[in-house]
Structure formats: structure tokens, C-alpha cells
Amino acid sequence: VGSNTLNLSGNVSRTSGVVNGTGSTVVYNGTGAQTIATGGLTGTLLNYTMNNSAGVTSVNSVAVTGNLNLTAGTLNIGTATITLGGVINRTSGVVNAVSGTMAFNGAIAQNIPANSISNTMAGLVVDNPVSVTVNQSYTVATNLTVNTGKLDINGTTLTVGGTISGT
């Protein structure tokens, strides 16, 4: 895909091969529920946009160097991991990470806006030398890992059901 924008308005099925989104912006903008097959999307994305009020299920772990833009609908990530280097911009929409992991590895202050991620996520990773700030209470069901930087809970409650590790 290169440095282009890939607008996905339908499902992505996979027999073999992959869509390599390295350096691109991927936009989910269908009008019906969308499913992206396991292994159907790979690479390090520039930006990732959820704009489908009917929802998207994509169980592919992705790294995003830019921003995660939530404009409408629910992005169900299953047991996958979204690693984010930029910020979350939220108009509407949410990432359902109940079984998945959200990882923040930016070099700038990163905020998790209220209602942008499901109240429970399986895992949370902070690898940001500046900081990651949450703006609502969360439950991290399994592991909270802070490798670098700090996690600012900003007067909210963070409940961890598993291991807390890091430096």
C-alpha cells in the first residue's frame, strides 16, 4: 500500500498473502459490520482510523506510528495488540480490548481519552519515556507493564487483575 490511504468498506478474507499496510493510513469506513481475516493486515501503519458505526472485527496485531482516530463504531481487536506511537483522537467510537492489549510507545505525552477503550482491557503496556495518561477508570485483567516512562492515572482508578511489572 505504501504511503497511500487504504479505505476498507468491506470484509477482508484471506486464502494466502497479506495486505501490507506499512507506512499507510488504513481507514475502516463500511456501512455494515466488517471482518478482517486473521493475518489479513500486517505492517507498521502510519495512521489507523475507525469510521464504521456498524463495527469492525480485526484480530490482527498492528503497530501504528501515527494516530488512532476513532470517529464511529467499535473496533473489536480480539486477543490482538495495538501498539500506538501517536495519540488517540476520539469523536465517537471505541476500541474493544477486553481480550486484547493496548501498548503505548510514543516519544510524546500520550493520553487515553475517556470512552476510547473498553473499561476492561486484557493487557496494558507503557513504553513511553515521557508519559501515558488515562482519563477514566480501567481494569487491566491480566498484565500491566511499564517499561519506560510513567503511567499517570490522573485521579482515576486502575485495577490490575494480574501482574504489574516494569522498571
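Modeller: Gladly! Let's begin with pairing: two strands pair if DSSP finds at least two bridges between them. Strands themselves are DSSP runs of E with at least two residues, numbered from the N terminus. This is a predicted model, in which local features need pLDDT of at least 70 and side-chain atom pairs count only at pLDDT 80 or more, while totals for chains, interfaces and linings use all residues. Residues are numbered from 1 along each chain as its sequence is written, and side-chain values use heavy atoms, with hydrogens and water left out.

Biologist: Which residue stands opposite Leu6 in β3?

Modeller: Strands of a sheet pair through backbone hydrogen bonds, either parallel or antiparallel. Here, Leu6 stands opposite Val26 in β3. Strand β1 (residues 5–8) pairs with β3 in the parallel sense, over four bridges. Strand β7 (residues 47–51) also runs parallel to β3 and is joined to β3 by four bridges; there, Tyr28 faces Met50.

Biologist: Are the residues on the faces of β3 buried or exposed?

Modeller: Buried means under 20% relative accessible area, exposed means over 50%, and partly exposed lies in between (1.4 Å probe, protein chains only). Strand β3 (residues 25–28) is covered on both faces: Thr25 and Val27 are buried on one side, Val26 and Tyr28 on the other.

Biologist: What is the order of strands in the open sheet of four strands?

Modeller: The order is β4-β8-β11-β14, and the pairing is parallel. An edge strand pairs on one side only, and in this sheet the edges are β4 (34–36) and β14 (94–96). From one strand to the next, the twist averages 20 degrees. Such angles run from 0 to 180 degrees between N-to-C directions, using axes that are lines fitted to C-alpha atoms. Inside the sheet, β8 (residues 56–58) and β11 (residues 74–76) share two bridges in the parallel sense.

Biologist: Where is Thr57, and what does Thr57 touch?

Modeller: Thr57 sits in strand β8, and its bridge partner in β11 is Asn76. Contact means heavy atoms within 4.5 Å. Not counting residues up to four places away in sequence, Thr57 touches Gln34, Thr35, Ile36 and Asn76. Its relative accessible area is 32%, so Thr57 is partly exposed.

Biologist: Which residues touch the most other members of the largest nonpolar core?

Modeller: A nonpolar core is a set of buried Ala, Val, Leu, Ile, Met, Phe, Trp, Tyr and Cys residues joined through side-chain atoms within 4.5 Å. The largest one here has 36 residues, and those touching the most other members are Tyr28, Tyr48, Leu75, Val95, Met102, Phe104 and Ile117. Strand β19 (residues 138–148) gives the largest share of this core, four residues. Take Leu75: leaving aside neighbours within four places in sequence, its contacts include Tyr28, Tyr48, Val95 and Ile82.

Biologist: What is the order of the open sheet that three strands form?

Modeller: That order is β16-β18-β20, with parallel pairing. The edges are β16 (110–112) and β20 (151–152), each pairing on one side only. Two bridges link β18 and β20 in the parallel sense, and Val132 has Leu151 as its bridge partner in β20.

Biologist: And why does Ser131 count as buried?

Modeller: Ser131 counts as buried because its relative accessibility is 10%. Ser131 lies in the loop between β17 (120–127) and β18 (132–134). Apart from neighbours within four places in sequence, Ser131 is in contact with Ile108, Ala109, Gln110 and Lys150.
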